[in-house]
Amino acid sequence: MRFYLKFFLHYLVLLGSNSGISTYGPHQRAQKTGDILLGGLFPIHFGVASKDQDLAARPESTECVRYNFRGFRWLQAMIFAIEEINNSSTLLPNITLGYRIFDTCNTVSKALEASLSFVAQNKIDSLNLDEFCNCTGNIPSTIAVVGASGSAVSTAVADLVGLFYIPQISYASSSRLLSNKNQYKSFMRTIPTDEYQAIAMAAIIDHFQWNWVIAIASDDEYGRPGIEKFENEMLQRDICIDLNVLISQYLDEAEIVRLADRIENSTAKVIVVFASGPDVEPLVKEMARRNVTDRVWLASEAWAISSLVAKPEYLDVMGGTIGFALRAGHIPGFKEFLQQVHPKKCSHNEFVREFWEETFNCYLEDSPRKEDSENGSTSFRPLCTGDEDISNVETPYLDYTHLRISYNVYVAVYAIAEALQDILTCTPGRGLFANGSCADIRKVEAWQVLKQLRHLKVQNSVGERVRFDEASELSANYTIINWHRSPEDGSVVFKEVGYYSIHGKKGAKLSIDKAKILWNGYLTEVPFSNCSEDCDPGTRKGIIDGMPTCCFECTECSDGEYSDHKDASVCTKCPNNSWSNGNHTSCFLKEIEFLSWSEPFGIALALFAVLGVLLTSFVMGVFVRFRNTPIVKASNRELSYLLLFSLICCFSSSLIFIGEPQDWTCRLRQPAFGISFVLCISCILVKTNRVLLVFEAKIPTSLHRKWWGLNLQFLLVFLFTFVQVMICVVWLYNAPPASYRNYDIDEIIFITCNEGSMMALGFLIGYTCLLAAVCFFFAFKSRKLPENFTEAKFITFSMLIFFIVWISFVPAYFSTYGKFVSAVEVIAILASSFSLLACIFFNKVYIILFKPFRNTIEEVRSSTAAHSFKAAAKATLRRSSASRKRSSSAGGSSGSSPSSSISLKTNGNEAATPSEHRRGQRPRVSFESGTVTLSLSFEEARKNSIKL
């Protein structure tokens with residue numbers, strides 16, 4: 001097995017050492033010997049001729065086609081850098097660099113053919129094949145490779161040279177896959193990775209607010225990873241891709257036509273292309289044939305300035321293309337070096353002959369293609385004279401105004417030279433190798449150069465630091481260009497319109513001067529490339545089923561939400577204190593509402609409350625003024641004062657409900673209302689119950705007088721009121737009410753009171769209603785008292801009104817909102833307070849002021865006597881009827897009932913003395929069965945109160 005391996009490698013050496021045209025080897029090369037040999041891989045041609053191999057005869061080498069002037073300039077940059085280093089007295093003195101440069105023809109197969117010659121000698125040295133042939137002196141060892149250009153080509157080359165730890169520095173391969181140092185151990189580059197370019201492309205699309213694009217990528221290691229990263233960036237930015245396809249320069253014409261159809265039928269106007277010039281050229285040519293001019297092309301750096309596509313005949317379609325270009329560098333003396341190229345002067349560079357023929361469209365005298373022209377296999381060209389002037393011809397070769405890839409080649413060569421310089425100047429004991437040893441510059445090996453490159457840190461003329469360690473990548477700094485048509489000759493002009501820097505601050509990484517951009521070659525307005533029309537302010541994007549998120553319908557924002565810019569994804573909810581305007585483009589402050597002192601409703605309620613206070617005060621004044629009259633005395637004068645005071649408090653408590661609610665007013669108003677009403681009803685209850693007991697008592701005793709004394713009456717009022725006070729104290733301690741802003745209502749903020757505990761409010765009103773019910777019961781029983789004491793009837797009526805008001809209050813309270821909650825309670829307070837005032841006191845005030853003849857002791861006594869007569873007569877009749885029933889059952893045939901007589905006599909002599917008359921009268925009602933006596937005396941000495 002080892003024998004066959006050695007034989008195969010020996011064959012590779014012979015293959016690589018052949019400087020002529022070999023069937024499997026490269027056709028041409030640029031080669032110069034030196035102490036140290038560098039390899040180079042450049043795309044001197046854009047591709048290879050498509051040719052079927054039926055294997056009927058020995059296969060022939062594939063022919064490279066379509067000369068690449070830019071590729072040749074890159075090659076010249078490598079040669080220029082090497083010669084500049086060889087002429088330097090400070091960099092690698094006494095060391096001569098040589099080179100072996102091959103044409104990859106932009107294909108993997110050709111690149112691998114060239115790479116075999118790089119690895120052959122390195123492996124032969126390790127296998128010791130001198131027993132088969134003396135190979136050591138034939139091929140110098142290649143210690144580093146500069147190239148290749150395309151990512152797909154570099155990937156294949158890296159797989160091969162990486163096996164032998166030959167350092168490879170690419171000047172144009174930007175695929176992010178090549179950043180994998182574990183897989184591509186010896187690969188390095190002087191160009192940023194495509195990962196940054198994909199981010200920059202997405203940033204441009206986002207900058208121009210496009211969300212509907214076409215993505216096209218070359219079907220290789222450059223296009224696929226680049227477009228994949230681009231898709232991820234688009235997804236994060238909510239930008240959709242309508243069409244996503246892969247292309248190649250080797251696609252059939254029918255496939256190109258179908259792809260052009262799909263692009264032309266797409267509604268997306270922006271086409272993002274992640275491909276090389278040769279891959280995108282067939283599609284551009286088809287689009288130019290169709291004259292599809294309403295598209296915007298976004299070009300990656302691989303074809304943004306490609307001479308294959310940037311042609312005047314394509315500008316009608318490609319004008320306005322936005323492209324990425326690497327930052328340009330400066331190479332002193334390179335312009336003159338390019339102009340000095342000549343077939344007779346460049347014996348070490350076989351590519352110059354073909355360059356000369358392609359530049360001047362002629363054949364050199366000894367050109368092998370001349371015979372093909374004479375045989376008719378190729379087009380006829382005249383002979384070259386050799387006196388042609390290269391400076392008079394415009395080709396991409398002499399476009400040295402913006403050196404981008406050429407500068408990367410220049411930096412790569414100098415990086416290798418700097419690494420060799422470090423090896424040359426290495427001090428033993430401080431080297432990078434075992435025990436601090438240094439490599440021998442005369443016997444340096446590729447793996448030693450690779451080790452030194454990984455520790456190299458240089459700075460290029462642009463100011464960028466170039467490092468080749470495992471964790472570093474070149475900074476992504478791109479120039480953004482726009483394709484213009486030259487007004488002079490109609491050629492393509494690459495106009496710089498901005499830049500992108502990955503290390504820029506957030507929001508400042510991308511900078512574009514929109515005023516410099518010409519869209520579609522002549523328009524200044526940014527094209528529209530969205531799936532749906534922009535939604536106007538006040539609307540938002542609504543999802544359409546079955547369509548990408550970029551395709552939407554505009555839906556009006558809901559009430560309370562707004563959008564103040566176009567194409568809003570969501571509507572923003574207005575703050576709690578704001579509401580959306582009619583077209584939902586902004587929010588305005590809600591109107592703050594509460595039961596205000598300044599509004600008509602609040603003024604009316606306040607006037608009624610003040611009127612109630614004034615009327616109550618007037619009644620109190622009348623009672624005080626006529627305090628010694630029988631009507632006032634009969635009304636329990638002291639309790640009447642307290643009752644009137646409580647009514648003033650009731651009317652006054654309603655005023656606390658008006659005005660902007662504050663925490664202190666919220667805590668005060670319900671207890672003030674509850675305590676005032678309980679005090680009022682307690683007075684009425686004690687008063688009514690006392691009168692009832694007086695008139696129902698058959699024989700007044702001293703015990704009655706003591707039990708129903710004035711002190712006890714006030715004690716009962718206090719106890720009833722104290723219960724309500726304790727309810728309020730517990731309420732305020734555990735769940736105190738507070739001011740509350742209700743934002744639930746559209747366009748209005750209601751400032752109300754949060755009662756803290758509805759249960760506590762229920763207890764407060766429930767206790768009040770309970771006392772009112774008891775009062776109603778006693779008042780109803782007292783409805784037949786003497787006419788001067790018929791306020792029980794009015795109390796009954798007032799309690800009915802009270803119940804009606806507060807029973808209606810409960811549903812009204814819970815069904816209203818905002819300021820009307822306070823208004824409902826104020827109305828309930830006023831209505832019940834007015835009913836109590838009117839029913840209890842207005843009749844008495846009327847008698848006192850307008851019927852003074854009824855406000856006398858005689859009037860009171862006569863009405864009392866009449867009531868006593870009626871009560872006694874009814875009682876006697878009931879007893880007589882019961883007695884007749886007993887006699888009838890006992891006597892049997894007795895047919896007549898006993899006669900009865902009713903007489904009214906005074907207790908004592910008929911002619912009573914005046915003093916006796918003043919002390920009192922005792923109307924007596926006599927029946928056969930006995931007498932019933934009821935006496936009512938008025939004693940001025942006992943504060944003119946009613947005594948039994």
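Student: What is the handedness of the link of Cys531 and Cys551?

Tutor: A disulfide is a covalent bond between the sulfur atoms of two cysteines. Here a disulfide is a pair of cysteine sulfur atoms within 2.5 Å. Cys531 and Cys551 meet that, S to S 1.8 Å. Their link is right-handed, with 95 degrees about the S-S bond. This is a predicted model: local features need pLDDT of at least 70, side-chain atom pairs pLDDT 80 or more, while totals for chains, interfaces and linings use all residues. Residues are numbered from 1 along each chain as its sequence is written, and side-chain values use heavy atoms, without hydrogens and water.

Student: Is Cys531 buried or exposed, or partly exposed?

Tutor: Buried means under 20% relative accessible area, exposed over 50%, partly exposed in between (1.4 Å probe, protein chains only). Cys531 has 23% and counts as partly exposed. Cys551, at 1%, is buried.

Student: Which handedness has the disulfide of Cys557 and Cys571?

Tutor: The torsion about its S-S bond is about -80 degrees, so the disulfide of Cys557 and Cys571 is left-handed. The sulfur atoms are 1.9 Å apart. Cys557 is buried at 3%, and Cys571 is buried at 12%.

Student: How many disulfides does a search of the whole structure find?

Tutor: Nine. One of them joins Cys240 and Cys550, with the sulfur atoms 2.1 Å apart. These two cysteines are 310 residues apart in the chain. Both are buried.

Key:
Helix = DSSP H or I, 4+ residues; strand = E, 2+ residues; numbered from the N terminus.
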